[in-house]
Amino acid sequence: MATIVDSYTLSEGSGKETNHYVVSIKGSGIRYKTGDAMGFLPKNNLQLVKDTILRIKAKRNSKVSTGDIDETSLESALIHKFVIHRANKKFLTTVHEKLGKGKEKRELGTMLEDADKTEKYLFIRDYVDILNEYKVRFTPQEFIDLLSPISPRLYSISSSPKAHPREIHLTVAIVKYNNLDRDRFGLATGDLSRGVVLNETKIPIYIQTTRDFVIPSNGSKDIIMVGPGTGIAPFRAFIEERKATGATGKNWLFFGEVHEESTFFYKEELFGYMKNGNLNNLTTAFSRDQENKIYVQDRILSNGKEIWNWLQNGAYFFICGDKQYMAKDVHKALITITEKEGKMSKDKAENYINKTLMKDEHRYLRDVY
């Protein structure tokens, strides 16, 4: 159980909330290294728990079995053990089974036969929404038996233990939105952003160690870091570590977000590192600050010649952040640079990036999600 000792926003005036948290691990015996992630087991929002219990017309102290030896109260089970901020297909299928014959049952049955439509429906609804729509009854135990367990959330650690002994720093984008006339929050980020009392609130954590996503042990090696948005987290830690260990290799950071004015995370810190020589290159891409959107992959392509020179001189290339779009686009950009600057065919360029750099030499490392 670790105590949150500091928190502040990194995105003042942006319309979206990204926060920096400092978690104390003093006296815990927990140790971590740069590149590791912190696992956090969140709990559900108390108001959502109350609304859910009210909607199934149950009492909060109703006894339920959750698979453990001892029974617990419905309220405790819903706070600590099960996901309730988004409904699952198993529950929706049971709702369909409970419905009486008629149009409502036929329409829901048709939707359940279409995986895409079912996924879209569930993506924006919790159990309260569905029970508002379909008037079926569940006993507390029936309801509990249909829920999915809460799993830990992992966050890249944005601090070096050498720079912040006995602390873990996190860079967290808060998920919050309004849907079907109700305010919604992500499970873990909602827990972190609502009701935290500094130096009092304790959260259950553990360290998820990394074997590969680490700074080269040879401090004279150069590193290129691509971390848009909260993907900057481990690279803040990398720079702190390189400074603390007196590494002589050059550091180049690519950072991207929406607006320079409101979402340039750790701006003053990074400028300080530039001034002191701990950060040699800082290349930014603020996508909405001009008519044509610019992303980190565009900046990488426009710096292709220099990136190629760094790679040929033994630099390591790191990516952290969005797996679905950003990481794929940066990967394509690297292959394009290799074709052009390395004067290779596409097949040879792909082999160089995918095999030589990534697998044989372990100089292309990714922490994507």
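I take a residue as buried when its relative accessible area is under 20%. The model I consulted is predicted.

**Entry: Asn278**

I looked up Asn278 and found it in the loop between α11 (267-276) and β14 (281-286). Its relative accessibility is 17%, and therefore I recorded Asn278 as buried. Setting aside residues up to four places away in sequence, I listed Ile239, Lys243, Asn251 and Tyr273 as the residues that Asn278 touches. I also checked Asp212, which lies 66 residues from Asn278 along the chain; the two C-alpha atoms are separated by 23 Å.

**Entry: helix α15**

I next examined α15 (residues 346-360), in which I noted a kink of about 35 degrees centred on Tyr352. Tyr352 is itself buried, as are Ala349, Ile353, Thr356 and Leu357 of this helix. An α-helix has 3.6 residues a turn, so residues three or four places apart point the same way. Against what do the buried residues of α15 pack? I found α13 (304-312), α14 (326-341) and β16 (364-368) as their packing partners. Just after α15, I noted a positive phi of about 55 degrees at His362.

**Entry: the sheet β6-β3-β11**

I then turned to an open sheet of three strands, whose order is β6-β3-β11 and whose pairing is antiparallel. Because β6 (153-156) and β11 (205-208) each have a single partner strand, they stand at the edges, and one side of each is left without a neighbour in the sheet. From one strand to the next, I recorded an average twist of 30 degrees. Between β3 (residues 37-40) and β6 I noted four bridges in the antiparallel sense. Met38 has Tyr155 as its bridge partner in β6.

Conventions
Residues are numbered from 1 along each chain as its sequence is written. This is a predicted model: local features need pLDDT of at least 70, side-chain atom pairs count only at pLDDT 80 or more; totals for chains, interfaces and linings use all residues. Side-chain values use heavy atoms; hydrogens and water are left out. Helices (H or I, at least four residues) and strands (E, at least two) are DSSP runs, numbered from the N terminus. Buried means under 20% relative accessible area, exposed over 50%, partly exposed in between (1.4 Å probe, protein chains only). Contact means heavy atoms within 4.5 Å. The bend at a residue is the angle between axes fitted to the seven residues ending there and the seven starting there. Two strands pair if DSSP finds at least two bridges between them. Axes are lines fitted to C-alpha atoms, for helices over the stretch in contact, and angles run from 0 to 180 degrees between N-to-C directions.
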